[in-house]
Amino acid sequence: MADNGEAVRTNHLTKVYKDFWGRPKVTALDDLNLTIHRGEVFGLLGPNGSGKSTTIKLLLNLIFPTSGDISVLGYRPDSRLMKEKIGFLPEESYLHRFLNGEETLEFYGKMFRLDRRTLKRRVPELLDIVGLDAKARKRKLREYSKGMARRIGLAQALINNPELILLDEPTTGLDPLGTKEMKDLILSLKQQGKTVLLCSHLLADVQDVCDRITILFRGKMQTLGEVRDLLQVRDIAQIQARGLTAAQLEEVRQFIAKMGAQDATITHPTTTLEDLFVRVVLQKTGENIGAGGVGYAGASGDNAARS
Amino acid sequence: MELFADNIEYILGGAIVVLGLLVIGLKDVLCFSFRRVWAISGVVFAESIRRRVLWVTPLAIIGVFIVAQLTKPFDEQDAIRQTLKFSIFATGLIVTLTTIILAATNLPKEIENRVIYTVVTKPTTRLEIIVGKVIGFARVSAAILLIMGLFTWGYLHVRAWSLQGSIKAGLADAQLSQVHRNALQHYREAGLLRVNTYAWSGEPQIFSQPPEGDRRWIPGGDQAKAQFFFDYTSADFTPPGVMPDTPIAMALLVDLSYQQSRTIMPEVDPLSAYGIPLPSNAAAEESTVPSTPTPLLPPRPRLQINIIDSQHNPIARPADLGDARGIMLPATDQFATMMIPLPPAIAGKLVTAGQFAVDVGTSALGTQLSFRLPQDQYQPISLRLINPETNQILGDLVPRAPDPQTLPVRFIGEQGTFGQQLHGDPHNSAIAVFAFRNTDRAVSSDGKINFEMNIGIERTGAEQNVDSDDYTELEIRLADPATGATSPPNIIQAESNRNVFFTMPADLAQNGNFNLLVRNLTTGHWVGLQARSVQLVTGNVLFSWNLFKSLLMLWLMSLLVIIIAMFCSTFLSWPIAIVLAVIILLSNWGIQQLGDMGNELGNQVAQQIFGGNQGQAPQFRVVSSSVNTLNKALQALAKVLPDISQFSAGEQLQRGVNMPWRQLIDAAAVAFGFGIPLTVLAYLFLRNKEVAP
């Protein structure tokens, strides 16, 4: 199929779940028309039961549409070529519990027919990127914590260096540090020109990394657009400055009020709780995120870029 | 149409494979990667091993140890045989149970816990997933079989070694019977784990004296009968040039002679013994055989003719042919042809049946019937078709076997508990002839060939009450059918169901064609004989090799079990999948137990419900025809279900008989003949299945 800059396109996509006798039971997705551009981070938002997971399952051919068309990277969802180019991190890390970390990645690598030499290089590289240490690599997945399971799940999604990555609730189960690392990685992937489809109900995460979002409710698309545009309050202006005394600030406030501004206030900005947590933990451990090889950012991000 | 019906399972299987792989799934076939399949199978194998599936083997081994210690074998060879039986049974049981549970639960559980998400979203096809899982579980069953095989091999060798001490002690016992001593000596020399290759004759035939040229004799007193096969269709009963609706009369033409070699008193006349009174002038009328005009001869013997259909249901009994006592033989000891008209009702049944057999014998003691079996078209019996209005002969139907390579006649003895019975008589017993043709021979250094015999022996009521170890004495001769030369008799002693080992001179069996003639010399003993009662040793193979073939047979069975369980799990939850898999595996066997009884089953069921005298009642006919229709439907269903009786892994191993490759090929044909189409069906079901719950 021709590449027209679209990573995902759906036309009138509808999914109706039926009962044993074939009678319609639930309309999980109703006439979804969606386009995701190559190279963007796209957020799929909505409350539980809104159709987010159904959309992802349809894109991955895990379920079949009742009506409508789907195109992923220009291919039909049952195309093997499409699967060669995507990576998928499911909501929970649904992996073989009796394999260890390395065996898991080797298995998924073989699904892409990666040769032995490539696997030997790629597997430790990915384990480094997601921050699983040597001890964890040899442990069986059933012994992994939830955070470790998310990390190995992410590693298997990246094993083929995909063009499109579908992340279903990627930060679920991660601590704030892990959440930050995950978001850094998503941004890193975007820098590499990859497309990321993010499905989450943790709105702060989505806001931090997504270029565009859509909100689904009861199977229907409610809104679609760039995050900045959607969140911007156009009739309120904000001025930021560093190094002013309290007297100087009062002068500025009076100056703005003279110019006719209503409800002019001056406050000090607050950081996010996540930023505070990361700063405290890193100061305490004295570790450097980039150099220590425990996170996604910095050198690890570079690794991802190289790979 | 008949070709289609006979090969329905292969046609159906072939259609599924062609449609599934070359039409619907061609894209998946073209990108099929064995590397991905092997990777999937590796995960299945590793997961099974790490879930400690192999822990079932120590449990089975402990079970075999315990049961082997609790059994009471009747000799050392039997101890080995029973241990082997338990071991192979335990191996088959755990490999079947393990694989059926693993294979039926795997896919539904992967869908349920969503592990399948990360697999199907990779560039593997659902065909590769199914094949990979089948191979993975086949690797698990191979691992179980390897462990159990090594255990069986080791345990049997240790047990055989320890039993040699018991053999030595037994031989030192002066009180030991000769039969047992001979057996122990053989065990000591040949070992307890020997595996031989054997040659067998066909079913033994019972005669009153050894066959000579084209002459055959059968004894009277209901000891044996000649059975002639007719294999025709209804159309064959209307000769060319005869209008289809022309009424046809029939008569049996029987050409034979008889000899009365025994004088008996009138009060023990066999007909009297049956409670049938002789006519007042019968004695004078019937004792007129010219060549032996002795007043002590019994009345002229009668011929009993029975006609049965292919399911052994009676078509005509002696009473249907004119006289319940039978038909009186002609007053000559020369060959004479008797013409026996068949009533129209019997003739009609023969046309309907098409396939039937005519049994000819006599209940007269001391009488033997003689038949001529020349190589040309002449037959000792034929069915003559006659135009009843003009008495014109329309044609003769001669005996014809369904298989043109086999003779349409056999001489069979009375059936007892253990097979065809050979009555004991030191002077005048019948002869069982085991005809060995084109056999290999393993001639020992002293110019002998080795035989093994295992027979069942019945005794008269008086003998059974005697608490003794009396053996049965048999006289064995070896005869060259080409020259008629016979070896000197070899007198052997036998006990019921115990192996007897004997040798015969090889010089009369030079080209592998010979008859083994067996007489029973012990009065009051009835020897039961079957096709496998006497076997010729033609060579030997390693026990390990035979064990390997048995394990291979079990592996083929486990492969079929895996595929069936996997197939069921693609559209059912795992508990239901296990139940359905068991049903599919056992249905063919179950239907075979019903047997192909034709329309008799319906009649039997209806008779049980309504009693015996309501053959014309409408309810009777409704029940009868319904049961028959159901039976036919089940028989048809059985053709498309796998026949697990083909996976008989332990029988030869226990008997120390080399398993022929043919048997393994037959088992492989069932495993792959059903397995491949079912794998394709499983793929098609999974291909169209939404794997997200």
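## Salt bridges between the chains

Across the interface of chain B and chain A, the rule finds 2 salt bridges in this predicted model. E103(A) takes part in a salt bridge with R50(B). Their closest N and O atoms lie 2.7 Å apart. That distance meets the criterion because a salt bridge here needs the nitrogen within 4 Å of the carboxyl oxygen.

## The chain A–chain B interface

Chain B puts 31 residues into the contact, and chain A puts in 32. Together the two chains bury about 3,000 Å². Carbon and sulfur atoms carry 65% of that area. Polar contacts link 12 residue pairs across the interface, both partners being at pLDDT 80 or more.

On the chain B side, α4 (34–50) and α7 (115–120) each supply at least two residues. The largest share, 8 residues, comes from α4(B). By class, the side of chain B that touches chain A has 13 nonpolar, 12 charged and 6 polar residues.

## Domains of chain B

Chain B is divided into three parts: domain 1 (33–179 + 542–687), domain 2 (218–274 + 293–412) and domain 3 (414–530).

## Domain 2 against domain 3

Within chain B, 5 residues of domain 2 are in contact with 4 residues of domain 3. These domains bury about 430 Å² between them, 43% of it on carbon and sulfur atoms. D222(B), Q223(B) and I412(B) supply 77% of the area that domain 2 buries here, more than any other three residues.

The domain 2 side has 3 nonpolar, 1 polar and 1 charged residues.

Notes. Residues numbered from 1 in each chain as written. Chains lettered and ligands numbered in written order. Predicted model: local features only at pLDDT ≥ 70, side-chain atom pairs only at ≥ 80, totals over all residues. Heavy atoms only, no water. Contact = heavy atoms within 4.5 Å. Buried area = accessible area lost by both parts, 1.4 Å probe. Salt bridge = Lys/Arg side-chain N within 4 Å of Asp/Glu carboxyl O. Polar contact = N/O pair within 3.5 Å; in protein donor to acceptor, adjacent residues only side chain to side chain. Helix = DSSP H or I, 4+ residues; strand = E, 2+ residues; numbered from the N terminus. Nonpolar A, V, L, I, M, F, W, Y, C, P; charged D, E, K, R; others polar. Domains from an automatic or database assignment.
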